[in-house]
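Hi there,

Here is the structure I promised to pass on to you. Have a look at it first, and then read my notes below.

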Amino acid sequence: MKSEYKIELYTGIRPTGDLTIANYVGAVKPLVELQKQGVKSLVFVADIHSLTDNEPATASKFCREVVADYLALGLDPSKTNIYIQSAIAYQVSYMTLLLARHVSVAELLRVPTLKDKLRNNANPKTANALLLLYPVMMASDILLQRAKSVPVGEDQLAHMEVVRRLARDFNTKYGEIFPIPTVQQVKSLRILSLKGSRKMSKSFPEGAIFLTDDMTKVKKKIKSAETALEGKLSDSLQSHIILAKELCDDHEVHSKIDTIIKDHMDGKHVMGAFKDLLTVIVVDFLSKFQVRRAEVVRDPSLIDGILKEGASMALANAESTLDLVRSSIK
Ligand code: ATP
Ligand code: MG
């Protein structure tokens with residue numbers, strides 16, 4: 001089993017509360033599409049990672065919620081396994097410590113995402129040390145599961161460099177233990193906020209549409225969204241077009257959108273019509289989602305069963321990797 005991959009595609013989700021439609025378009029939809037192509041994935045809910053900025057009670061609170069969201073958005077448990085990271089807390093923690101011995105504080109401090117965070121969102125004097133250990137724990141997650149491919153956005157590339165380097169160095173010192181994970185760089189779709197020029201995100205609710213929003217709220221939000229002057233294609237408008245097309249696969253609707261945008265570029269006053277169409281698309285998507293989600297949570301044993309199966313798979317993978325590690329380091 002030495003150096004053999006066990007998981008074709010491996011990815012994590014953060015249980016940080018309600019998802020936005022941008023989270024769906026940027027993160028969940030690509031996963032569901034890979035699933036349709038037959039790619040076997042293992043998805044984990046990163047509750048231990050979210051301890052960096054949450055109390056343990058908060059970190060575990062949203063785990064089942066986010067699993068329900070993903071199932072209602074199309075994740076098929078017969079094709080994709082899901083586990084909660086803390087189901088293998090001992091294995092992850094122990095592996096993190098063993099790997100942390102092979103990375104210097106200086107190397108971790110050079111990781112660009114950490115530098116960015118310390119500059120913009122976190123104060124180095126008060127931020128806790130889990131922030132520093134993030135790439136090491138990420139290595140532990142990936143290497144324990146023997147994952148082949150890890151889809152990451154640009155912001156995670158530097159972390160994957162640390163992961164790969166750690167795996168190689170560990171192998172050089174103790175023998176061929178870890179198969180080296182490969183990076184699958186994903187095209188990053190960036191949906192903009194309905195207000196201002198930043199990206200849509202959970203932490204800026206005024207400009208975001210949440211999967212849980214009721215339809216009156218959605219209509220109001222789209223009505224007051226920024227678009228563009230006649231004849232102009234602003235970043236906001238471009239982003240709304242992408243959003244509309246990503247949420248609805250119907251070619252006829254796509255042509256309708258193209259016609260409206262052509263009229264707009266010809267100087268016609270059609271932004272009202274565009275917003276009406278966007279509203280119909282979003283409302284249709286959300287109402288179907290909300291019905292499916294209600295079905296998913298109706299029987300709690302459904303999620304229990306899925307998580308139990310996922311945990312036992314993750315535990316088996318982690319334990320067999322740890323057996324190799326234990327026998328190699330002694
Ligand atoms: P937060 O404000 O807490 O950072 P967020 O909405 O930015 O929340 P994340 O948890 O940071 O969401 O990211 C979850 C996933 O959603 C990531 O894969 C990320 O690439 C994707 N994502 C987040 N925002 C967008 C966006 N505006 N457009 C496309 N994808 C997005
Ligand atoms: Mg974010």
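Glu246 and Lys29 form a salt bridge, with their closest N and O atoms 2.9 Å apart. The term stands for a side-chain nitrogen of Lys or Arg within 4 Å of a carboxyl oxygen of Asp or Glu. By this rule, four salt bridges cross the interface of domain 1 and domain 2.

This is a predicted model, in which local features need pLDDT of at least 70 and side-chain atom pairs count only at pLDDT 80 or more, while totals for chains, interfaces and linings use all residues. Residues are numbered from 1 along each chain as its sequence is written, chains are lettered from A and ligands numbered from 1 in the order in which they are written, and side-chain values use heavy atoms, leaving out hydrogens and water.

Where do the two domains lie in the chain? Domain 1 covers 7-190 + 299-329 and domain 2 covers 205-293; these bounds come from an automatic or database domain assignment. Their C-alpha centres are 33 Å apart.

At the interface, 14 residues of domain 1 are in contact (heavy atoms within 4.5 Å) with 16 residues of domain 2. Together the domains bury about 1,400 Å², 65% of it on carbon and sulfur atoms. Buried area here is the accessible area (1.4 Å probe) that two parts lose on being put together, summed over both. On the domain 1 side, Ile21, Lys29 and Ala72 lose the most area to domain 2, together 38% of what that side buries.

Enjoy exploring!
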